[in-house]
Amino acid sequence: MRIRDLSTGVVHEPPSGAGDLPRGARVVRDGFVAWVWHRGETWRLGRVVEKPGAAEEEEHDLRAPMPGVVGRVLAEEGQEVVKGTPLLVLTAMKMEHEIRSPRPGKLVKLFRTAGERVDLGDPLAEIE
Amino acid sequence: MNLRPFRKVLVANRGEIAVRVLTACRTLGYGTVAVASEADVASRHARLADELVLLGPAPARESYLAASRILDAARATGAEAIHPGFGFLSENAAFARAVIDAGLVWIGPPPDAIEAMGLKVPSRERMRTAGVPVVPGTHDLTPEGIAKVGFPHVVKASAGGGGKGMRVVRAEAELAPAVESCRREAEAAFGDPTLYAERYLEHPRHVEIQVFGDARGRVVALGERECSLQRRHQKVVEESPSPAVSPELRARMSEAAVAAAKAVGYVNAGTVEFLLDADGSFYFLEMNTRLQVEHPVTEEAWGLDLVTLQLAVAAGEPLPPDLPAVPSAHAIEARVYAEDPENGFLPQVGTVLAYEEPGGPGVRVDSGIEAGSEVSVHYDPMLAKVVARGRTREEARLRLVDALGRTVVLGVATNVSWLRRLLQTPEFVRGELDTSLLGRLEVPAPPDPPPDVLSAAARLLGGGDGRAAMTAPARAAFPDPFADGSFRVLG
């Protein structure tokens, strides 16, 4: 099993064999996410889905990081993007947040247009 | 202003500030009334008060901003005074007037003073007249008008506050898009798209003076707070005293702040915000006509209870004659926000699944959450303020770093670890702060999860081919999967 740090996106290989939980740690599971607090640090850890189809979806979908309303769309379908290319503006908590491409590639699909509401985890864009 | 004694106080707010004010009222023996939206009926502030009135649905417009429902709540419970906290209706002059017209005591400044300071353009004019230094600015946002202010400048919502609806413009080409986006944000946040622009000082500090006035016309200054660490114009870490303020500078800034307050007939707690330039010159930014979020650093450094003073002044009492003239300690506050620092500080929502607050000598936590609390899109993402006091700045800093290291929030991502790393940067340790520091500071990345944390997560997330994880019940307080008992599971 591989574990993804959901904050940094880095995938880790846990050591084989079951070790003890670190002393003083706090853990809780929420759906697909394990929250672990240890010595002042908090990690959100998710299991990497190894099935080919599911893994592909996870790699290529950009999901809404928070609920909000699409303010403006800044990119076009078919456009080549680099890591950091602004794709759209999400308005939440009365503030505007620019959603950027997490990786280089071709912007195949934009699922939302200006004015639409999105929930946490909704697909926003597909990048190949 | 009907400043007179009262026995029962309604606190028209939620979260940590409602808890803070209700606690002060209880300590002094006042009867307490909390108000809550449907989302908050079981929250800490709602449980703390003697009586609770349900205001309406979760959106603030139908609950904490619904002035008539709050007045009805006061009438129904026989509350004789209203404390607005900060945010929501606290700087709404019409609400303050309605409270007074209803024969209740308004625990805050006179409505005329709120109004005078509420709109940035007229308030700056007034300050200029009163001899308080102001930054050059204009509300003429045409290229001709802007030319008088120069670049860089900042475009702001005239009705704004709290950093919402602000854009820095460094060249003429950036002006039109900034104005458009700022206007939209101002309209959405305040219902008023009026903007103004002012000179942007390149590396100023944000230093503010706490002022207090009583009904007899006495106005005092209670030292400064350094609030230079801001992200998107939202304060993140505050301290008192400021590492940049000498007793001589404090005296000059206090004099200007008292003049500002007196110019509008100020009564009760207020804050005069200044930009402090490297050469020691300072400029009036705005006056916040309410208790500030960061009031605890003044309380801890000066040995005061500002909410208790607010209640006394509202009851018509004079300010105590023996208020301190100098700080007796150093205090630093870190704001815990539900946000993801590794992903553009995006606000986070969800259920707090586990929560622990630190304690110990010199450590104070003002919070309104607990395990089970919902963090929703309806309200501010600030969850708690962790404050540490020390004899020196370094003692306070070390206590705060350690306190944040004992703060546990699971279920909603927060900035706690990032705050700890921020407080350990050489820039913060040296106190070399300015309002743009957070924009250029390299805060170290969080550590990768160590192997034992990874194996704990792997066990928690289940074995098999990965499908087991896919069918797991959403958000179950995880049953104890380990037999050795060397850890704690919290739900």
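Me: In which order do the five strands of the open sheet with parallel pairing stand in chain B?

Reply: This is a predicted model, in which local features need pLDDT of at least 70, side-chain atom pairs count only at pLDDT 80 or more, and totals for chains, interfaces and linings use all residues. Residues are numbered from 1 along each chain as its sequence is written, with chains lettered from A and ligands numbered from 1 in the order in which they are written. Strands (E, at least two residues) are DSSP runs numbered from the N terminus, and two of them pair if DSSP finds at least two bridges between them. The order in chain B is S3-S2-S1-S4-S5.

Me: Which residue of S2(B) stands opposite Lys8(B)?

Reply: Strand S1 (residues 8-11) and strand S2 (residues 31-37) of chain B run parallel and are joined by four bridges. In S2(B), the residue opposite Lys8(B) is Gly31(B).

Me: Why is one side of strand S14 and of strand S20 of chain B left without a neighbour in the sheet?

Reply: These strands belong to an open antiparallel sheet of eight strands, ordered S14-S13-S10-S11-S12-S15-S22-S20 in chain B. Strands S14 (282-288) and S20 (363-367) of chain B stand at the edges, so one side of each lacks a neighbour because each has a single partner strand.

Me: Which residue in S15(B) is the bridge partner of Glu239(B)?

Reply: Strand S12 (residues 234-240) and strand S15 (residues 330-337) of chain B run antiparallel, with four bridges between them. The bridge partner of Glu239(B) in S15(B) is Ile332(B).
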